[in-house]
Amino acid sequence: MPILGKLVKKGLQLRQAVEHEYRQPFNLQKEQLKHLLFTAQGTQFGQHYHFDQILQAFYSTDPEAFYQAYRSLVPIHDYNKMHREWWHLCREGQKNVSWPERIKYFALSSGTSEASSKYIPITRDMLKAINKVSVRQILSLNQYDLPESLFQKGILMLGGSTDLNRYKYGYEGDLSGITCKRMPYWFYSFYKPGHKISREKDWAKKLDEIMLNAHKWDIGVIVGVPAWLQMLLEKIIDHYGLNTIHDIWPNLSIFIHGGVSLTPYMKSFERLTARPLTYIETYLASEGFIAFQNKANFKSMQMMLNSGIFFEFVPFTERNFTADGELVSKPETLMIHQVEEGKDYALLLSSCAGAWRYLIGDVIRFTDVQDTQIVITGRTKHFLSLCGEHLSVDNMNRAVQMLSEEMNIEINEYTVAGTKHDNLFAHHWYLAIDKPMSEETVRQKLDEYLKYLNDDYRTERSAALKEIKLTILPHDVFINWMETQGKVGGQHKFPRVLKGHHLESWESFIVAAQ
């Protein structure tokens, strides 16, 4: 019914006016931290780290006294420290540990650099905060030039199973499965693939079920990680003998993506669609909903400053991080009003899920400080700096995109490893390309693009970074290795930089596959 689209779009316009926040970032974040500390002061964590003393500092005539007190009394935590000292108690059923409740849900997250699963607490307050930001993102669609009819089309969300794993004290699973299980009731009329298919735990079977039901749905929006959505669209097109996905979903207009840069996948999606989609990036981590793209034609995302998270920023420099991406013992930390545009920062989060000064592992860059617009440039352990080349994932994505465009090839996945070369250093690139190519030609062009994009890289290529190696592999090799790691589907993505045991596993797998 066309009237439904008009009502929904008008509702978005009205709600957006109500939701818009005009307060200064510093004030929003100060109030956010005060609320978090007040709520958690009676927890084991809050008593141990004297939250009551920190709260007193909010009444000081010095407007930043509260932050000085906070960072002097509460140490920085990574996952291992937080879990070892506190979160394991939540897993054992204790309540009031680092947030005032017994934790019912845990998001399983291995990220892209850890060997085993992390168990991230998901509290009732965090679920409310995620839903709140999700509504804000829906409201932001009013900024895009979209037809009213789109607001009554189906939304396909390709995520983890909503059939969560039950253990003695609660449930665990992908964050996408947890949030879908607790989504607002009104959303279910739009939500696909529906309850039955979304419960499926076997990823291959889930993709097949979606493929077989695709002709029944009128999809306007797809949501998920680019690599897995690409795989799904290819399966649907092949199964029904289509030219593009628009042959079966003519109203498909929006792709909401996150977790990994879309840049390397753009050429593939151009092949799979009959017309351009509107791409909207989100930054929903297991630790909270951090940011989303809220403006048309912007490639940045706006940070959410009053939705359950207090942010701190660690300048991503050699002063604060080792060459392996490890945080030094006493790093410099900044609040939102102290950051600068164009500089890289690692994120620390304090949240309504009971994370405190928690190093999330992501690195961001501000493109607009006043409007708190950011882009993700990589992860603390996914930068290559063997000898000062300071190569970021952002550099890598852009170089791969330039290579793809010049040579008119699809590069569906890639990864790179830092290695020794005699007494100096080398980079070894692995590209997923499913057509015959000259590795030497690709290697030379990739090297030149990286020199163009990164001055430090160009300098080191004439000094300590003596060799660039490149191996072209079929796309299936990347997917098959992910299967051996138990990282298929949902929010899992291929690591852009391989180190340690992951690199050893990858190299062994390639040898065995040849």
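In this predicted model, helices α10 and α11 are oblique to each other. The axes of the two helices cross at roughly 50° and come within 9 Å, and the crossing is right-handed. On the α10 side the contact is made by Trp203, Leu207, Asp208, Ile210, Met211, Leu212 and Asn213. Helix α11 contributes Trp228, Met231, Leu232, Lys235, Ile236, His239 and Tyr240.

Helix α11 comprises the 15 residues 226–240. After α11 comes Gly241, with a positive phi near 65°.

Strands β3, β7 and β8 also belong to an open sheet of 11 strands with mixed pairing. The strand order is β6-β3-β7-β8-β9-β10-β11-β15-β14-β13-β12. The edge positions are held by β6 (191–192) and β12 (309–315); each has a single partner strand, so one side of each lacks a neighbour in the sheet. Strands of a sheet pair through backbone hydrogen bonds, in either a parallel or an antiparallel manner. For β12 the partner is β13 (residues 344–351), to which β12 is joined by 7 bridges, and the two strands run antiparallel. Within this pair, Ile309 has Ser351 as its bridge partner, and Glu312 lies opposite Leu348.

Although β12 stands at an edge of the sheet, 7 of its 7 residues are buried, so the strand is largely enclosed by the rest of the structure. The burial extends to both faces of β12. One side carries Ile309, Phe311, Phe313 and Pro315, and the other carries Phe310, Glu312 and Val314. Another helix, α7 (residues 124–140), lies across β8 (254–258), β9 (278–285), β10 (288–292) and β13, and runs at about 15° to β10.

The loop between α7 and β3 contains Lys153. With a relative accessibility of 17%, Lys153 counts as buried, the cut-off for burial being under 20%. Beyond residues up to four places away in sequence, Lys153 touches Phe190, Asp218, Ile219, Gly220 and Asn251. Between Lys153 and Tyr171, which are 18 residues apart along the chain, the C-alpha separation is 32 Å.

Another open sheet consists of 4 strands in the order β18-β17-β16-β19, again with mixed pairing. Strands β18 (465–473) and β19 (497–498) are at its edges; each has a single partner strand, so one side of each is left without a neighbour in the sheet. Strand β17 (residues 424–432) runs parallel to β18, and 8 bridges join the two. In this pairing Trp429 stands opposite Leu470 of β18. Helix α13 packs on the sheet through contacts with β16 (414–421), β17 and β19, and its direction makes about 115° with that of β16. Helix α14 packs on the sheet as well, touching β17 and β18, with a direction at about 130° to that of β18.

These two helices also meet each other. The axes of α13 (residues 393–407) and α14 (residues 439–453) come within 9 Å and cross at roughly 130°, an angle that makes α13 oblique to α14. The crossing is right-handed. In α13, the contact is made by Asn395, Arg398, Ala399, Val400, Met402, Leu403, Glu406 and Met407. The contacting residues of α14 are Thr441, Val442, Lys445, Leu446, Tyr449, Leu450, Tyr452 and Leu453.

Key:
Residues are numbered from 1 along each chain as its sequence is written. This is a predicted model: local features need pLDDT of at least 70, side-chain atom pairs count only at pLDDT 80 or more; totals for chains, interfaces and linings use all residues. Side-chain values use heavy atoms; hydrogens and water are left out. Two strands pair if DSSP finds at least two bridges between them. Contact means heavy atoms within 4.5 Å. Axes are lines fitted to C-alpha atoms, for helices over the stretch in contact, and angles run from 0 to 180 degrees between N-to-C directions. The expected span of a helix is 1.5 Å times one less than its number of residues. Buried means under 20% relative accessible area, exposed over 50%, partly exposed in between (1.4 Å probe, protein chains only). Angles under 35 degrees count as roughly parallel, over 145 as roughly antiparallel, 65 to 115 as roughly perpendicular and the rest as oblique. A crossing is left-handed if the near helix is turned anticlockwise from the far one by less than a right angle, and right-handed if clockwise.
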